[in-house]
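Visitor: I would like to go through this structure with you, one topic at a time. Could we begin with how the helices and strands are packed?

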Amino acid sequence: MEKLIENIEKNKDEIIENTREILKIKSVEDKSKANMPFGKGVNDSLEYVLKLCEKLGFKTCNLDNYLGYAEYGEGEQMMGILVHLDVVPEGNNWSYPPYGAEIDNGKIYARGAIDDKGPAMASIYALKMVKDLGIKLNKRVRIIFGTNEETDWKCMDYYKQKEEIPDFGFTPDAEFPVINGEKGIVHYRLSKEVKNDSKIYIMELNGGQRVNMVPDRAEIELYFDDMFMNYIQEMKEEIKGTDYEYKRNGIKFRIISKGISSHGSTPQFGINAITKLFGMIDKIIDRDCELKKLVSEITQTIGMDYTGKGLDCNFSDEESGDLTLNLGKVSYDKGIVDFDIDIRYPISVDKEEIKKNIESKLPGYKVVELDSKRPIYISPNDDFVKTLLEVYREATNDLESEPMVIGGGTYARAFDNMVAFGAIYPGQEILAHEKDEFIEVDHLLKLVEIYSRAIIKLAGE
């Protein structure tokens, strides 16, 4: 592999500069325009990589601007490398321009640096390294450039309608050493009508931004009669100093609950502001009414627990571990309260059993599936997984890390016989979707090496 390392060093400046150029393109999905299904920024990003790949000597194809691919090698079988060029919105409070791709202390700062444009460029140059070294491939290697991975994967749906499906492959959009499985994901909406009591009822209720995020804020505005307001004032003193805000406006009383956000696949790392709010309301309402019944039901069946135990959904298996549950959003409109929940379930579990148990524990609630993604799993003893693990260990000398199953969802779900392979090292800070996202230059170049090794091992003669 000495020649590989030498060639990466020889191309170092080009790799860095072209990575910076694509990072400068604001490829946040936008409204569809003529021949631009996901907006101009995403389209510009796709055109950039396809022109680059054509210049590097690869066969390229643009699938009506929904997505594209670059291919090199020969053979009946095809290895796929799935990357995506779209990014989430940049957010606020960056220390560097989010699309400036500035280099500071060996780090390239930009939205998409690690998720997923940096790894995408590493994959392109890995294939270039293999080509430059004259290594003959007995399988075709196709880098597929997705364009709306951050939302609803319409690009992958379009690909499946038009193109050949890879026989196997990986996506460089998660963690090393190998993600050989991903739990199933299902989002449900639990809806219930709440009849207003004449002396206490909901005026407004909302919390959370996305179902797959632990909500860090939730608030409710209630109407109380004067007698009950005295009790509320007493309770306010009792819980003074906690993470709540109280606002009185005549006979209206607003409570704002504050939590700590985290990803919906890891709810144990956050504090759920919605269930925290409901726990508080359950304490302060001492009257038998529809609202009391509602908050008690949610507090008893979900509460601050994230295992699904209160809904008889605390499933687990040896391969993928425990189910997790996150109540991500709540809203109220015209007498109906909607709860949106995110469940990551073990690979051996049938999601219909989950729904059945929820309906059993919460009779009177309408349970509707909003979205779902099937679980995927390839045995750690499979030759494909073992080869990727070997590649990673040889390149990094990390002999301790093992294949793992995660609760997150990656492009690996798009096709059969796919896994996630990098780009984050075990224990490395995860900056995807965060402010000041960056990729270290040395990390970028190491990814080129790792992915070159993987292509050679999996597609070489």
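This is a predicted model: local features need pLDDT of at least 70, side-chain atom pairs count only at pLDDT 80 or more; totals for chains, interfaces and linings use all residues.

Visitor: Understood. Which strands does α11 lie across?

Guide: Helix α11 lies across β5 and β24, and its direction is at about 70 degrees to β24.

Visitor: What is the strand order of the sheet with β5 and β24 in it?

Guide: The order is β4-β5-β24, an open sheet of three strands with antiparallel pairing. Because β4 (102-104) and β24 (438-440) each have a single partner strand, they stand at the edges, and one side of each is left without a neighbour in the sheet. On average, neighbouring strands of this sheet are turned by 25 degrees against each other, direction ignored.

Visitor: How many bridges join β5 to β24?

Guide: Three bridges join strand β5 (residues 107-109) to β24. In that pairing, I108 has I439 of β24 as its bridge partner.

Visitor: Back to α11. At what angle do α2 and α11 pack?

Guide: The angle is about 110 degrees, and the axes are 11 Å apart. An angle from 65 to 115 degrees counts as roughly perpendicular, so α2 is roughly perpendicular to α11.

Visitor: Which residues make that contact?

Guide: From α2 the contact uses K12, I15, I16 and T19, and from α11 it uses V441, L444, L445 and V448. By class, the contact of α2 with α11 has six nonpolar residues, one polar and one charged.

Visitor: And α2 with α3: at roughly what angle do their axes cross?

Guide: The axes of α2 (residues 12-23) and α3 (residues 40-55) cross at roughly 160 degrees and come within 10 Å. Angles over 145 degrees count as roughly antiparallel, which means that α2 is roughly antiparallel to α3. N18, E21 and I22 of α2 meet S45, Y48, V49 and L52 of α3 in this contact. The residues of the contact divide into four nonpolar, two polar and one charged.

Visitor: Changing topic: does β9 run parallel or antiparallel to β21?

Guide: Strand β9 (residues 179-182) and strand β21 (residues 404-406) run parallel, joined by three bridges. Strand β9 is also joined to β20 (residues 376-377), by two bridges, and that pair runs antiparallel.

Visitor: What is the bridge partner of G181 in β21, and what does G181 stand opposite in β20?

Guide: The partner in β21 is V405, while in β20 G181 stands opposite Y377.

Visitor: Now the aromatics. How many aromatic pairs are there?

Guide: The count comes to 17 aromatic pairs. One of them is W153 with Y411, an edge-to-face pair at 5.1 Å centre to centre, with 65 degrees between the planes. W153 lies in the loop between β6 (140-146) and α5 (154-162), and Y411 in the loop between β21 and β22 (418-420), so the pair ties together parts that are 258 residues apart in sequence.

Visitor: Are those two buried or exposed?

Guide: W153 and Y411 are both buried. Another pair is F176 with Y451, which is tilted, at 6.2 Å centre to centre and 35 degrees between the planes. This pair links distant parts of the chain, with F176 in the loop between β8 (174-175) and β9 and Y451 in helix α11 (residues 441-459), 275 residues apart. F176 is buried, as is Y451.

Visitor: Which residues form the aromatic cluster with F176 and Y451?

Guide: The cluster is formed by F170, F176, Y392, F421, Y425 and Y451.

How values were computed. Residues are numbered from 1 along each chain as its sequence is written. Side-chain values use heavy atoms; hydrogens and water are left out. Axes are lines fitted to C-alpha atoms, for helices over the stretch in contact, and angles run from 0 to 180 degrees between N-to-C directions. Helices (H or I, at least four residues) and strands (E, at least two) are DSSP runs, numbered from the N terminus. Angles under 35 degrees count as roughly parallel, over 145 as roughly antiparallel, 65 to 115 as roughly perpendicular and the rest as oblique. Contact means heavy atoms within 4.5 Å. Ala, Val, Leu, Ile, Met, Phe, Trp, Tyr, Cys and Pro count as nonpolar, Asp, Glu, Lys and Arg as charged, and the others, Gly among them, as polar. Two strands pair if DSSP finds at least two bridges between them. Rings of Phe, Tyr and Trp (its six-membered ring) pair if their centres lie within 6.5 Å; planes under 30 degrees apart count as stacked, over 60 as edge-to-face and the rest as tilted. Buried means under 20% relative accessible area, exposed over 50%, partly exposed in between (1.4 Å probe, protein chains only).
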